Structures are given as structure tokens and as C-alpha cells.
Amino acid sequence: MVYRLRTSTFKFSLMLDDSGMESLPMDPDTSLLDSTQAEDEDKCILCSDAFCSSSSPHEQKTRPIDEKSPLRRKGCFDPYDSSEEYVGVVTLPNQVRQKAVKKGFVFNLMVVGESGLGKSTLVNSLFLTNLYTDRCMPDVSEKIARTVSITKSTVDIVEEGVNLRLTVIDTPGFGDAINNNESWKAAVHYVDQQMEKYRRDEIGLNRKNIRDNRVHCCLYFISPHGHGLKPIDVNFMKALDQKVNIVPVLAKADSLTPKDTCNMKAKILKEIDQNKIKIFQVPDCDHSNDPFRQLVLEVKRSMPFAVIGSNTVVERDGRRVRARAYPWGIAEVENPSHNDFVHLRNMLIRTNMQDLKHTTHYVLYENYRINCLCKNPCLENV
Ligand code: GDP
């Protein structure tokens, strides 16, 4: 199912690294900014500055860019300007950006957790959309008999010319049965299937239009009513942590006091560590002047994210906000002092979407591919 959605409520940050991954992993045209091969944008600028300077090689490398230099005016480069001051290397990031925007972005998000933990409400709140219009709720007897299934919904989100095709993979039935020992199997099967499909496409004839259906991130919902992780949580995360980026989420945080939330988060992290479960690690910012540095620090501090979701908009001090209203007060979804929703959204969309995709491609998929080759070295020639 594909929905189209236009929105201009918040800006997307365009991360330029590995933009070529959308269809072909090693696109030579766009691999310039691949973080494993190239330096960051600032270094490219310094480099081009050094290139055009007339001083000694050592001075060239260390000389700061002249404030008035055209190199400073990023994005305003005139290709017909024949000034001898620079060669135009500064435009390379823009070329990559244009190519990436033209191609569009793809992100596949899996949401897993027991029914009723607020998965669909949170996804709708995160992407300001309604992905579950034709959803039917099973009754108790159906739930008990039901096995875990996989459903996919896709929505195109367009903001200021940037197109993101978001696919949300849900796992209805997870944790609903009396015996949930094997609840994780359907998700593992799905993740493996998508990796295998990608691998086969990659060694196939038509590599130009590979569709990336691999799961880039799995939001795992933990109940706020337990005492830390349940066996089903540990089993699921252990089964998938080498295959997908797991981001743990403490659901329905409005049902906990701030102190309980803190204790619960600490307990979850401790149990994750004790069980040697690998969750997604947000990379550090490389530069102290990185504009996203503060956001990234807050994201790191908030893990596991204690979140509130809501499909209801209420009036608060003259503002219209997404919130859950109670007789004793209002829990605002986008208020960082009420919950970590904003930090989760920042991580997923504004600061680390490309990191999630990068890890999926260069670490998780690479491991999968190497495993396949080790099992059957002739596969590469199939
Ligand atoms: P799902 O089965 O995991 O997809 O859960 P739903 O999104 O359908 O939510 C189940 C119920 O929980 C609905 O009545 C929601 O309104 C409610 N709900 C969703 N998010 C929250 C939350 O953050 N806090 C509270 N208290 N209730 C929530």
C-alpha cells in the first residue's frame, strides 16, 4: 500500500554521506562523500583552498580560508566564473546533494512490541501521517490463536523538494500468544529474506535499479508496566541484534513518574548489558563545531527513549500541540521535559538516519554477505 503525503511542518536535514546507497552501493559518482573513503565537507574546502594558494606546500595545508574568499560562499558557486582563486572543488558536495535529492531517499523502519504498547500511535506521531487507516483490531480469542505476521505500509513524505519513501514494517501478533518462545522467528525470517534479496540483486544482471528493502532500524517497544526486560524482550533482541539496528523504546512513558522512568531506563540498560545485547550506538560528532553536536549528545543521553505518542491535538497556552490530556494535566508529545519523543525523532530523521543506513549496509549486510560466502564460496558466481 502506498500513500503520498506532502508536509512542510519541519525541515529535513540532508546528510550527504553514502547517498549513493539508495539504489547502488558503490555508485562511483556519489561515493565522494562516503565517510569511509572521503573526508568531511570542511576538509574538502580546506583542500581546495590549499590547492589554489601560491604559498609553500606546508603553509598551504594550514592556512585558514580567507573570509572573503568565494570558497566561503558555499552553494553560490558560479560555474562560469573563471577567477584564478579556486578550481571549484568546493562544489562537489553540492553535486552529490543534487544527485541524492533527485534520486530520493528510502528508509525502512520495523516496529516490534506487544499489542497495545502504542506502536502505531508513535509512528503516526513521528511522521505526522496516518499509516494505519484500514487496521482491524482482533478480539481476545483471535489474539491467543494468532501467530506473528508481517505487514508493510509505505508513505512518500515530501518536504521542500526532498522525497523520503518510508516503509513501516509491523509485526502484529508479537507477544500475544500464551507461549511466546518463538515470537521472534517471523521478524528474523523477514530481515534475512530482505538481505538475501538484496544480495541476489547485487550479483544479478540489472544492478542499476536495486530496491533497498532491508530493514534499516527496528524500534523495539518495552512495556512500562514490567520490571525491566521480560524474557520475550531478551529473546527477540538477542535473535536480531547481529542483523538489524535495534533501538529500544520505553513505551507509554506518561504512565511512569520521572523517578520511575529514570530507574526503569537504568534497569533496561543494565539488563541489555548483562545479556550482551548489541543495540544501535549513536556515533560521536567528529567536530566540536558540528551544528548537530548538542542534538547528538541529548540523543545519546536519552537511550532507551521513554516516549509518549498521541493522535490528538489539544490547545495549550494558545498553542496547538500533540498531547494526551488527563483530568490532572496534559502530557505533551513534543515537550522534551515530558518525554524523549523529540530525541527519538531527531535520531531517526534529523541526525542519524544516514548512520542507520550506513551501519545496515557496511556492517550488518556485509556480515550477512560474508557468512553466505563462507558457507558457499561458489555463490558469487551463481
Ligand atoms: P499498538 O497495538 O502497539 O500499535 O498500539 P496502539 O498505537 O494502537 O495504541 C493502543 C492504545 O494505547 C490506544 O488506545 C492508544 O491511544 C494508547 N496509547 C498510544 N500511545 C500511548 C502513550 O504514549 N501513552 C498512553 N497512556 N497511551 C497510549
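How are α6 and α11 oriented to each other?

**Entry 1, ground rules.** I am working with a predicted model, where local features need pLDDT of at least 70, side-chain atom pairs count only at pLDDT 80 or more, and totals for chains, interfaces and linings use all residues. Residues are numbered from 1 along each chain as its sequence is written, and side-chain values use heavy atoms, with hydrogens and water left out.

I looked up α6 first: residues 185–203, 19 residues in all. Helices are DSSP runs of H or I with at least four residues, and strands are E runs of at least two, numbered from the N terminus. From first C-alpha to last, α6 reaches 27 Å, close to the expected 27 Å (1.5 Å times one less than its number of residues).

I found that the axes of α6 and α11 come within 11 Å and cross at roughly 80 degrees; axes are lines fitted to C-alpha atoms, for helices over the stretch in contact, with angles from 0 to 180 degrees between N-to-C directions. The two helices are therefore roughly perpendicular to each other (65 to 115 degrees). On the α6 side, the contact (heavy atoms within 4.5 Å) includes Asp-192, Met-195 and Arg-199, and α11 brings His-361, Leu-364 and Tyr-368, among others.

**Entry 4, the hairpin.** Then I turned to β9 (residues 319–326) and β10 (residues 329–332), which pair in the antiparallel sense over 4 bridges; pairing takes at least two DSSP bridges. I noted 2 residues in the hairpin joining β9 to β10. Ala-325 has Ile-330 of β10 as its bridge partner.

How values were computed
Angles under 35 degrees count as roughly parallel, over 145 as roughly antiparallel, 65 to 115 as roughly perpendicular and the rest as oblique.
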